[in-house]
Amino acid sequence: MLLIPYSKSIKFYGGKMLNLRCLLKNTLILGAISANTMAAPTVDMTERWNDLMGDFNMDPQYHGFCYLDPSGELKGPNPHRRIRLASTTKLVTALMAIEKLGPDYEYTTKFYWNGKDLHIKGDQDPVLSMRKLFFLISQLNNVGITKIENLTFDGNFKVFSKVESVAMSEFKPSIKSTKKYLKDYFTVSEWNIIAKLYKNFIKSTPKEVIDDLQIRTDISDIKLEVGNISNAEENPLKEKDLQTYEMVSPKIAKYLKVMNVASNNYIADQVFEKIGGKAAYHEYIQNFIKEKFGNYTAIRKEFSKGEHSTYIYTGSGLNVGNGKGRVDNYSTCAIMVNLVKELDTKLEDIQRGMQEVVAVPGVDKGTFRRRLNSPRLAKSILAKTGTLMHTSTLAGKVSAQDGDVYFGMFHQMRGWKGNAKMVQNQIVSDLIDFHGGTKKFEYKKERFFPAKGPLK
């Protein structure tokens with residue numbers, strides 16, 4: 001086998017020097033390079049990073065990279081520089097949900113029925129999707145509700161029918177949008193396109209799920225009409241003679257898994273609000289930084305005077321406006337890799353695994369459909385991607401023979417992100433090889449449905 005040094009340039013093309021690694025990676029389109037094509041790295045990972053950045057004409061000082069080696073030592077060229085997080089924020093959202101609610105938390109939506117009127121008390125369930133609505137309609141029919149004169153719902157009941165199908169959505173729920181969804185879905189006599197969607201829903205749902213959840217398969221058996229729909233923060237129905245039902249979600253760990261695999265912005269931002277939003281994140285992370293680093297302002301770089309070392313504006317990583325322009329979630333690589341390790345530790349402490357809430361490249365699809373998906377690497381990586389207009393990020397953990405390595409890469413760049421992703425892919429592969437090769441963990445992909453059981 002011919003071995004060529006990884007930094008060997010081979011020829012000019014269009015006036016620019018090309019590199020064998022660049023050509024190989026572009027040919028593989030962000031896929032992981034096979035173990036047989038190159039030897040394990042023999043250089044320090046910081047040197048490796050700098051060489052790769054040079055290969056792709058990126059200045060290392062403007063991009064963040066660091067990792068915690070198996071002994072827990074922080075390494076990398078610039079762990080304390082200010083970086084934008086993009087969707088790697090969702091790893092922090094998973095940590096916060098585990099910390100504040102626990103992995104087994106179940107959202108419980110309550111229904112109060114007096115024979116003609118229905119009131120819904122929400123629990124901020126982030127997946128009131130089309131499938132959840134079809135399930136709910138079938139359940140209402142199963143308990144004898146086919147006509148509702150007055151339907152009221154509180155502000156914690158937020159419907160977004162496309163939440164499972166449009167992962168990158170920036171949709172903001174409102175009372176108005178929820179009223180429209182309820183009117184459209186709960187007026188079966190006016191179904192047209194929705195009738196086709198229901199048939200497709202039945203066709204695509206496994207029989208065991210239909211049987212377990214008691215979902216009606218014949219659309220002619222679905223009967224539901226609704227009159228007036230309005231918002232009511234307090235239950236307007238008298239307690240006497242009310243029938244009460246509950247719709248229970250899957251454990252939040254399953255929601256977090258969907259959130260991270262597909263990078264679902266809507267789920268992330270709804271979980272963010274559920275667990276206290278900016279204030280809750282800020283308090284937790286500032287305490288975390290103080291515990292891990294002490295006086296962090298003494299070692300951090302490129303921060304404004306008086307600026308916090310980390311600030312999370314959204315659970316998804318999407319930017320927001322502050323009246324003067326956009327603001328993005330930011331932190332440092334050192335803080336982020338320690339937060340990822342904290343997520344892993346908290347789950348291990350309760351005999352759970354991070355694969356329960358984070359994507360496993362090579363098995364889970366989503367944002368890893370076309371990258372880090374080789375059989376060699378499968379079941380040895382847990383990671384989250386992130387992409388914004390000026391940011392490409394990757395953070396997570398690799399499982400190697402020498403032990404676990406927590407890593408973060410934060411490219412600050414505009415335009416095409418392909419080169420950054422190629423560097424990220426190769427560094428992940430090299431981190432594994434540098435620490436003895438892959439140590440695969442147990443993982444089996446599970447089916448997801450946004451309801452736990454029949455209305456009760």
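## Tyrosine pairs and burial

At 17% relative accessibility, Y311 counts as buried, a class that requires under 20% relative accessible area, with exposed residues over 50% and partly exposed ones in between (1.4 Å probe, protein chains only). Y313, at 24%, is partly exposed. In this predicted model, local features need pLDDT of at least 70 and side-chain atom pairs count only at pLDDT 80 or more, whereas totals for chains, interfaces and linings use all residues. Residues are numbered from 1 along each chain as its sequence is written, and side-chain values use heavy atoms, with hydrogens and water left out.

The structure holds 22 aromatic pairs. Rings of Phe, Tyr and Trp (its six-membered ring) pair if their centres lie within 6.5 Å; planes under 30 degrees apart are stacked, those over 60 are edge-to-face, and the rest are tilted. Y105 and Y107 form an edge-to-face pair, with 5.3 Å between centres and 85° between planes. Y105 is partly exposed at a relative accessible area of 22%, while Y107 is buried at 0%. Y311 and Y313 form a tilted pair, 4.8 Å centre to centre and 50° between the planes.

## Aromatic cluster and a charge over a ring

One aromatic cluster is formed by F134, F135, Y185, W191, Y198, F201 and F449.

R82 lies over the face of Y330, at 3.9 Å from the ring centre. A charge sits over a ring if NZ of Lys or CZ of Arg is within 6 Å of the ring centre and within 35 degrees of the ring normal.

## Packing of α3 against α11

Helix α3 (residues 89-100) and helix α11 (residues 333-349) pack at an angle of about 40°, their axes 9 Å apart. Axes are lines fitted to C-alpha atoms, for helices over the stretch in contact, and angles run from 0 to 180 degrees between N-to-C directions. Helices (H or I, at least four residues) and strands (E, at least two) are DSSP runs numbered from the N terminus. The crossing of α3 and α11 is left-handed, meaning that the near helix is turned anticlockwise from the far one by less than a right angle.

On the α3 side, the contact (heavy atoms within 4.5 Å) is made by L91, V92, A94, L95, I98 and E99. On the α11 side, M336, L339, V340, E342, L343, K346 and L347 take part.

L347, in helix α11, is buried with a relative accessible area of 0%. Not counting residues up to four places away in sequence, L347 touches I98, R352, G353, M354 and V357. The C-alpha atoms of L347 and K290, 57 residues apart along the chain, are separated by 22 Å.

## Positive phi in two loops

A86 is found in the loop between β5 (82-84) and α3. Phi of A86 is near 50°, a positive value in a residue other than glycine, and A86 is buried at 1% relative accessible area.

L372 belongs to the loop between α11 and β14 (381-388). L372 has a positive phi of about 50° although it is not a glycine, and with 0% relative accessibility L372 is buried.

## The covered helix α9

Helix α9 (residues 265-274) is mostly covered, with nine of its ten residues buried. These are N265, Y266, I267, A268, D269, Q270, V271, F272 and K274. The buried residues of α9 pack against α3, β6 (106-113), α8 (252-262) and α10 (277-293).
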